[in-house]
Amino acid sequence: MMKKKFIHLIETELLKKVVIKSEKAHNPVTAEHIPIGWKCVGVGNYAAVFMHYTEPELVVKINIVDKENLEKEADIYRRLGNHPSYSHLIYEGDNYLVLKRLEGITMYNAFAKGIRIPETVIKDINEALEYARSRGLNPFDIHGKNVMMKDGRGYVVDVSDFYKQGKDEKWEDLVKAYNKLYKKTLYKYPVKIPFKALDIIRHTYRFYKKIRRKLQWQN
Ligand SMILES: Nc1ncnc2c1ncn2[C@@H]1O[C@H](COP(=O)(O)OP(=O)(O)O)[C@@H](O)[C@H]1O
Ligand SMILES: [Mg+2]
């Protein structure tokens with residue numbers, strides 16, 4: 001049930017006022033001048049996501065990348081259809097999408113807050129990615145900030161790169177770390193990991209993957 005009034009509100013309030021900036025490559029964007037009644041529920045490297053208090057079931061994802069990417073993302077949602085571990089597309093605007101809101105927290109924030117991540121979350125996400133493959137999509141760029149959990153269930157929050165070709169190992173690596181490290185340590189004794197430390201891990205991981213790719217090319 002999509003209200004014309006909500007689209008009007010997005011286009012005359014949110015889009016008119018909010019300023020979304022990308023200050024550094026490979027880092028999340030920032031959102032300023034958020035109008036009253038709206039809340040930023042998350043930022044990625046290419047988009048900021050907002051919620052209005054009158055429509056708590058929905059979010060508005062404003063992309064700062066080209067329109068082509070937005071159309072691709074909308075297409076991916078159409079191809080996924082309805083699946084319990086994904087959001088779905090409600091409306092496609094010029095530079096934004098209205099999506100079903102997923103509740104809970106990202107896995108990244110769960111690490112940061114010392115909230116235990118149960119194995120059922122990993123299982124749900126594995127199944128969701130398998131489902132995407134069965135729909136001819138290529139699950140890509142799945143990492144801690146693109147998956148969420150609530151009440152022991154896992155959700156995939158960002159499908160925007162599922163059209164890409166090639167193999168992306170981020171999720172596989174995360175599952176390995178979960179099985180080999182997390183289950184023996186933080187799972188038993190959840191402690192907060194400072195954002196700064198998580199950022200260092202994120203940058204080290206990028207660096208390590210880059211070196212490895214270079215070495216593979218040379219051999
Ligand atoms: N449907 C949604 N429901 C709730 N939160 C969301 C939803 N989509 C995105 N978010 C939040 O916004 C953040 C950025 O969205 P994302 O789609 O990952 O953008 P990007 O493509 O820039 O990475 C996510 O990490 C998540 O915290
Ligand atoms: Mg993302």
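A word on terms before the helix pairs come up: helices here are DSSP runs of H or I with at least four residues, numbered from the N terminus. By that naming, Lys123 and Glu127 both belong to helix α4, 4 residues apart, or about one turn of the helix. Keep in mind that this is a predicted model. The two things to look at are ligand 1, with 20 residues around it, and the salt bridges, which number 23.

**Around ligand 1**

- Start with the residues that come nearest to ligand 1: Tyr46, Lys61, Leu102, Lys145 and Asp158, out of 20 around it.
- By class, the shell around ligand 1 splits into 8 nonpolar, 7 polar and 5 charged residues.
- Three strands, β3 (38-43), β4 (47-52) and β5 (58-63), each put at least two residues into the shell.
- Of the contributors to the shell, β3 gives the most, with 3 residues.

**Polar contacts to the ligand**

- Asp158 has a polar side-chain atom sitting 2.9 Å from an oxygen atom of ligand 1.
- For Asn146 it's again the side chain, with an N or O atom 3.0 Å from an oxygen atom of the ligand.
- Asn45 uses its backbone instead: an N or O atom there lies 3.3 Å from a ligand oxygen atom.
- How much of ligand 1 does the protein bury? Taken alone, the ligand exposes 550 Å², and the protein buries 93% of that.

**Lys61, one of the nearest residues**

- You'll find Lys61 in strand β5, and it is among the residues that come nearest to ligand 1.
- Is Lys61 buried or exposed? Its relative accessibility is 9%, so Lys61 counts as buried, the cut-off being under 20%.
- The side chain of Lys61 also makes a polar contact of 2.9 Å with the side chain of Glu73.

- Glu119 and Lys183 pair up through their side chains in a salt bridge, at 2.9 Å from N to O.
- That pair ties together distant parts of the chain, 64 residues apart: Glu119 is in helix α4 (residues 119-134), while Lys183 is in the loop between α5 (170-180) and α6 (195-218).
- Glu119 is partly exposed at 41% relative accessible area, and Lys183 is partly exposed too, at 28%.
- Back to Lys123 and Glu127: their side chains meet in a salt bridge at 3.7 Å, N to O.
- Lys123 has a relative accessible area of 52%, so it lands in the exposed class, which starts over 50%; Glu127, at 45%, is partly exposed.
- Further along, Glu130 and Arg133 form a salt bridge with their closest N and O atoms 2.9 Å apart.
- Glu130 and Arg133 are 3 residues apart and both in helix α4, which again is about one turn of the helix.
- Glu130 counts as partly exposed at 46% relative accessibility, as does Arg133 at 41%.

**A salt-bridge network**

- Which residues are linked in a network of salt bridges? Glu169, Asp173, Lys176, Lys209 and Arg212 are.

Technical notes. Residues are numbered from 1 along each chain as its sequence is written. Chains are lettered from A and ligands numbered from 1 in the order in which they are written. This is a predicted model: local features need pLDDT of at least 70, side-chain atom pairs count only at pLDDT 80 or more; totals for chains, interfaces and linings use all residues. Side-chain values use heavy atoms; hydrogens and water are left out. A residue is near a molecule or strand if one of its heavy atoms lies within 4 Å of it. A polar contact is a pair of N or O atoms within 3.5 Å; within protein, one must be able to donate a hydrogen and the other to accept it, and residues adjacent in sequence count only if both atoms are side-chain atoms. Accessible areas come from the Shrake-Rupley method with a 1.4 Å probe; for residues, only the protein chains shown count as cover. Ala, Val, Leu, Ile, Met, Phe, Trp, Tyr, Cys and Pro count as nonpolar, Asp, Glu, Lys and Arg as charged, and the others, Gly among them, as polar. A salt bridge is a side-chain nitrogen of Lys or Arg within 4 Å of a carboxyl oxygen of Asp or Glu. Buried means under 20% relative accessible area, exposed over 50%, partly exposed in between (1.4 Å probe, protein chains only).
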